[in-house]
Amino acid sequence: MKYLEYTPFDRINVFLDHLNLGEHTIKGCIEAYSCKHAGTDKRLSLSLENEILNYLGNSPDVDSVDSSSPINYLSSRSSRKKLIYLILTLYHMYPDYDFSAVKAHQFFTVETWQGFKQIFDSYMFDASKEWIKADEDGSLLETLYKALDESINLAECEVYSYDPNSDADPFIEKGALWSYNFFFYNRKLKRVASFRFSCLSNLVMDGFLTDGIYYEDDGEIFDDMDM
């Protein structure tokens, strides 16, 4: 995976680097990667592939499992390849974090641009108002859409959210109130773009409150996978 530099990303990343809104701070970052293997990617890709195949080899026959089981998804070579690209992207974003291919599968959920837009509009409302106050051209969402479309052609993208539990979430920071992570995968261009955004409590970060991050109850490792 090769990090791709796109100038339109810079303005968004600078704005969302540390947007202080009083009691809380909004942080966000948009990045793009080529799916072409670089450095240790080939070795890691083979390792992830073997991990998945070992899991499948110790699992029931595909015909005998429920249609919602990850076995059905992981048995497809193209699906495994796509999953590995997404995990490699995570590795490049967080090189010191260990992602398991099989476990990571549960955390990727198929989304749509409309679904992303609804979440963005709800949680980034205050940030969007600050964007307008800064006299930036167009809305924050429009600018984000144009930047993503220019780099990865959104019309051809598959959209995924990454929502791990607390033990498998490298995105969570001290004082995090919420965190969202989206990936846009273009099979034809062989590119992945990521956009992550979160809200941090300034009171917690400043030490006025003890950590009180809320997490949903952990489920079984392969529950509710939508890929």
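**Close-up 1. Crossing of helices α2 and α4 in the predicted model.** Helix α2 (residues 41–57) and helix α4 (residues 77–93) have axes that come within 10 Å and cross at roughly 130°, which makes α2 oblique to α4. The crossing in which α2 passes α4 is right-handed. On the α2 side the contact is made by Asp-41, Leu-44, Ser-45, Leu-48, Glu-49, Ile-52, Leu-53 and Leu-56, and on the α4 side by Arg-80, Leu-83, Ile-84, Ile-87, Leu-88, Tyr-91 and His-92. Of these contact residues, 10 are nonpolar, 2 are polar and 3 are charged.

**Close-up 2. A salt bridge between Arg-80 and Glu-49.** The closest N and O atoms of Arg-80 and Glu-49 are 3.2 Å apart, and the pair links distant parts of the chain, with Arg-80 in helix α4 and Glu-49 in helix α2, 31 residues apart. Both Arg-80 and Glu-49 are buried.

**Close-up 3. A salt bridge between Glu-31 and Arg-196.** The side chains of these two residues meet at 3.6 Å, N to O, and join strand β3 (residues 24–34), which holds Glu-31, to strand β7 (residues 191–201), which holds Arg-196, across a separation of 165 residues. Glu-31 and Arg-196 are both buried.

Notes: Residues are numbered from 1 along each chain as its sequence is written. This is a predicted model: local features need pLDDT of at least 70, side-chain atom pairs count only at pLDDT 80 or more; totals for chains, interfaces and linings use all residues. Side-chain values use heavy atoms; hydrogens and water are left out. Axes are lines fitted to C-alpha atoms, for helices over the stretch in contact, and angles run from 0 to 180 degrees between N-to-C directions. Helices (H or I, at least four residues) and strands (E, at least two) are DSSP runs, numbered from the N terminus. Angles under 35 degrees count as roughly parallel, over 145 as roughly antiparallel, 65 to 115 as roughly perpendicular and the rest as oblique. A crossing is left-handed if the near helix is turned anticlockwise from the far one by less than a right angle, and right-handed if clockwise. Contact means heavy atoms within 4.5 Å. Ala, Val, Leu, Ile, Met, Phe, Trp, Tyr, Cys and Pro count as nonpolar, Asp, Glu, Lys and Arg as charged, and the others, Gly among them, as polar. A salt bridge is a side-chain nitrogen of Lys or Arg within 4 Å of a carboxyl oxygen of Asp or Glu. Buried means under 20% relative accessible area, exposed over 50%, partly exposed in between (1.4 Å probe, protein chains only).
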